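I opened a notebook on this chain today. These entries record what I looked up, in the order I did it.

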Amino acid sequence: MAPPPDIAAEAEALRAALARCTAERDAARAEMEDFFRAASHDLRAPLRHLSAFGGLLRERVRDLGGDAEALEFLGAMDDAVGQLGRMVDGLLELSRVGRAPLLLQPVDLGALVTEACSALEPACTGRTIRWELGPFASCTGDVALLRDLLGRLLSNAVKFTRHTPQTVIAVRAEPAGDRVQLQVRDNGAGFNPAQAGRLFGIFERLHSVSAFEGTGIGLAVVRRIAERHGGCVAADGAPQAGCTVHVTLPA
């Protein structure tokens, strides 16, 4: 039996409104990614000039006797230019992830985790890390983007457990209806749960650069990859009690 005309009209209006909202969201996202790419390219020339003229100024200071305080100031300037350059690279990476074509296929998440762990071996040298891996359900997705996502999440787990003597990093992916719930958990520095909403923002940092290096772009890229797969991300944790990142992907 067909629904009453008023209900059918209301449902159609809701569908149209949802389509408009989706189109507006996609247009805004595309505009944002255009801005990221353009801004990143435009910033590279002045950064190169700052770096080049900073080097020339350092040589001039040394020729004039090498004032220690002036050289220290120039070193701080170099560090700032380097950090800004890495942030520009991060914007380009975010733009690339947002525009890369999705090549959807069945993905063996366990194999990608094994790859990511192997790539992180140099960063784990001299450390005691217990990896708790599996079980792993398969999902549907773009292999290259999901490799990037896992690499960033596991790299973060290794980085933020740097000061934890007995590090434990657990990775699993379990089916949840028509979804797969990927989970990466560590027992590292953690974060204030009141700031969880900031965790996946662009250039958002919940720890100082002196404590943990980085630009604050990695988890923004993770969120963008998940969203491009029709999924979402969330995290929970507490200071000095570790962090768990949850990524929902289509099964």
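**Entry 1: contacts and layout.** I began with contacts, meaning heavy atoms within 4.5 Å. Of the contacts in the protein chain with a separation of 6 or more, 72% are between residues 24 or more positions apart. I noted that the model is predicted, that local features need pLDDT of at least 70 and side-chain atom pairs pLDDT 80 or more, while totals for chains, interfaces and linings use all residues. Residues are numbered from 1 along each chain as its sequence is written, and side-chain values use heavy atoms, with hydrogens and water left out.

Next I looked up the secondary structure. It comes to six helices and seven strands. Helices (H or I, at least four residues) and strands (E, at least two) are DSSP runs, numbered from the N terminus. Along the sequence I read α-α-β-α-α-β-β-α-β-β-α-β-β.

**Entry 2: burial.** I took buried as under 20% relative accessible area, exposed as over 50%, and partly exposed as in between, with a 1.4 Å probe and protein chains only. The chain has 251 residues, and 35% of them are buried. In helix 6 I found L219, A220, V221, V222, R224, I225 and A226 buried. After helix 6 comes G230, with a positive phi near 80°.

**Entry 3: the core.** Which residues have the most contacts inside the largest nonpolar core? I listed L109, L146, L149, L150, L153, L154 and V247, in a core of 42 residues. Such a core is a set of buried Ala, Val, Leu, Ile, Met, Phe, Trp, Tyr and Cys residues joined through side-chain atoms within 4.5 Å. Elements giving two or more residues to this core include helix 2 (68-99), helix 5 (143-160) and strand 7 (243-250). Helix 5 gives the most, with eight residues.

I then followed L154. Leaving aside neighbours within four places in sequence, L154 is in contact with V113, A116, C117, L120, W131, V171 and V184.

Entry 4: The largest pocket holds about 640 Å³ of space. I used a 1 Å grid over the protein atoms alone; a pocket is an open set of points where a 1.4 Å probe fits, with protein on both sides within 12 Å along at least five of seven lines, and lining residues have an atom within 4 Å of a point. There are 31 lining residues, and N156, K159, F160, G216 and L219 are the closest to the centre. Helix 5 gives the most to this lining, with seven residues.

K159 sits in helix 5. Is K159 buried or exposed? I found K159 buried, because its relative accessible area is 15%, under the 20% limit. Beyond neighbours within four places in sequence, K159 is in contact with F212, E213 and G214.

I also checked L84, in helix 2. L84 is partly exposed, because its relative accessible area is 35%. L84 and T215 lie 131 residues apart in sequence, yet 8.6 Å apart in space, C-alpha to C-alpha.

**Entry 5: backbone details.** I found a cis peptide bond joining G134 and P135, with omega about 0°. P135 belongs to strand 2 (residues 129-136).

My last stop was Q240, in the loop between strand 6 and strand 7. Q240 is not a glycine, although its phi is positive, about 60°. I noted Q240 as exposed, because its relative accessible area is 66%.

Technical notes
Points joined across faces, edges and corners; volume = space filled by probe spheres on them.
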